[in-house]
Amino acid sequence: MRQRFECQTDPGQTPIAQVVIPLKSRDELPPVLAGLQWIFRTPEVNHAVFDLLKKKVVGDKRSHTGRPGMDLWHILVLGVVRLCLDCDYDRIEYIARYDLLVRQIMGMPELGVDPVPLHHRTISDNICHIDADLLAAINAIVVMHGQPLLKKNAAEKLELKTDSYVLETNVHYPTDTSLLFDAARKSIDPLVPLSLRHDVGGWRKHVSWKKEIKIARRVFEKAASGGGAHKAERVKATVRIYLDTAAALEEKINTTIIALRSRELTLTESVRLQQADYFHTHLIRHMDLLERRVLRGETIPHEEKVFSLFEEHTGLIKKGKVMPPVEFGHRLLISTEQHGLIVDYKIMDPGSETAEAVPNADRLLERFGAGSIRSLSFDKGFSSEGDREVISLYIEEVIMPKKGRKNQADQERESTPRWKKLKNRHSAVESNINSLEHHGLNRCPDKGLDGYHRYAGFGILAYNLHKIGAKLLANQSHEHKEPGKPVKKVA
């Protein structure tokens, strides 16, 4: 049994639309709560958002039967607050139970027993019902209704800026050595309880096996990172010991997996055996890669490399920076307008930024229409003469600095005052990216590619609600200025 929101309030409970948000707080949470309050009390936004949530989370299920579930409003609020504060589910559980202002925005009583226990696992499982497509649709609704609040006049056209940065996955720095060790220890973990339960011996000293391969790894890493005479010979000698230890362990793992396949396993046990088989396969793979790279001196092709055994979708990205020289994750492409709202975002596929310019312009034109966009700016990473000419057919001003040597036509185009002004304004998108990184979207702790996309969607939604909420609070502060005091003009 799940519903949109419990409309019946307890005696003394403040309705959500009447909750007072502190105007002078410098914390990042009040503006986001003001943005959530705006969603709840704005009828057209409320209906559109709740219809999407109900269609996705509830679906065809009956809302009046079954066990009580978290209200849709509570799921949305806690998902946004988590990204606003860049915190884990343990802290979200504490905030949901004991933070008075958040509980008021959720429409919950200040004290008392909650209808649904707000355990961190309950919160996590419910937030995972929301996917990336749903968050993209909610973001589109928030942007569409939030822009009039930020615009100076209704006829103001959009001045858009597009750029990308790397949203990292939660992985350690990958090397053949560390990935081989990860595969070895994670192959052992599910096999130990399975072998005990089904009387498959051989793992009484499983702790000793882990310790032995860890020591072999550390000896090799110390030799590889050190110096001194005959370093190459010492490195090869230590890697042979590491590989011999891994080979002996691999043989033992393989024997156990074959023995367990002949047993009658439950569904849960079958899943654990599949996990062991997955890591066993990677153990063999990284033994081969380490031998080829160190002992044979081969250069491993990029397509054969794996950057994480736990987040397989992780990619290696080089953006030409000094620090860090490489990053592990995916590029997050964002487009912002002159007031700071992120109007479009996308997790980019592997490849060059150049291929994203035209698709990005297509999405923006489809959403807003050709006549509503005055300018669209990119940096040199997106530069393509053909793409610039195509986009210029539909958008008045396209700012796309050319790479390399410029001819006379390029110099004339890029030297006009208007072009220079828009190019200088493009740097504002870096401020938007910095804000995203400081509010959770620097590294994704959620697991899997679906979790990665969901995390990015919640981060963009929290950012946009922060912008809208800050504007609403500024307007309220402007309205409540004491008579006789000078009034600061609000942009």
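The largest pocket in this predicted model has a volume of about 410 Å³. Pockets and cavities come from a 1 Å grid over the protein atoms alone: a pocket is an open set of points with protein on both sides within 12 Å along at least five of seven lines, while a cavity is a set where a 1.4 Å probe fits but cannot get out. Points are joined across faces, edges and corners, and a volume is the space filled by probe spheres set on them. Lining residues have an atom within 4 Å of a point. There are 18 of these around the largest pocket, and Pro174, Thr175, Asp176, Lys305 and Phe307 sit closest to its centre. Sorted by class, the lining has 10 nonpolar, 4 polar and 4 charged residues (Ala, Val, Leu, Ile, Met, Phe, Trp, Tyr, Cys and Pro count as nonpolar, Asp, Glu, Lys and Arg as charged, and the others, Gly among them, as polar). Helix H8 (176-197) and helix H11 (267-295) each supply at least two lining residues; helices (H or I, at least four residues) and strands (E, at least two) are DSSP runs numbered from the N terminus.

Strand E1 (158-169), strand E5 (373-377) and helix H15 (417-425) are the elements giving two or more residues, with E1 contributing the largest share at 3.

Turning to helix packing, H2 (residues 43-58) and H3 (residues 72-85) cross at about 100 degrees with axes 10 Å apart. Axes are lines fitted to C-alpha atoms over the stretch in contact, and angles run from 0 to 180 degrees between N-to-C directions. The two helices are therefore roughly perpendicular (65 to 115 degrees). Val49, Phe50, Leu53, Lys54, Val57 and Val58 of H2 meet Leu72, Trp73 and Leu76 of H3, with contact meaning heavy atoms within 4.5 Å.

Salt bridges (a Lys or Arg side-chain nitrogen within 4 Å of an Asp or Glu carboxyl oxygen) number 29. In one of them, Lys210 pairs with Asp189 at 2.4 Å, N to O. Lys210 lies in helix H9 (residues 206-225) and Asp189 in H8, so the pair ties together parts 21 residues apart in sequence.

Residues are numbered from 1 along each chain as its sequence is written. Local features need pLDDT of at least 70 and side-chain atom pairs 80 or more, whereas totals for chains, interfaces and linings use all residues, and side-chain values use heavy atoms, without hydrogens or water.

How values were computed. Parallel < 35°, antiparallel > 145°, perpendicular 65-115°, else oblique.
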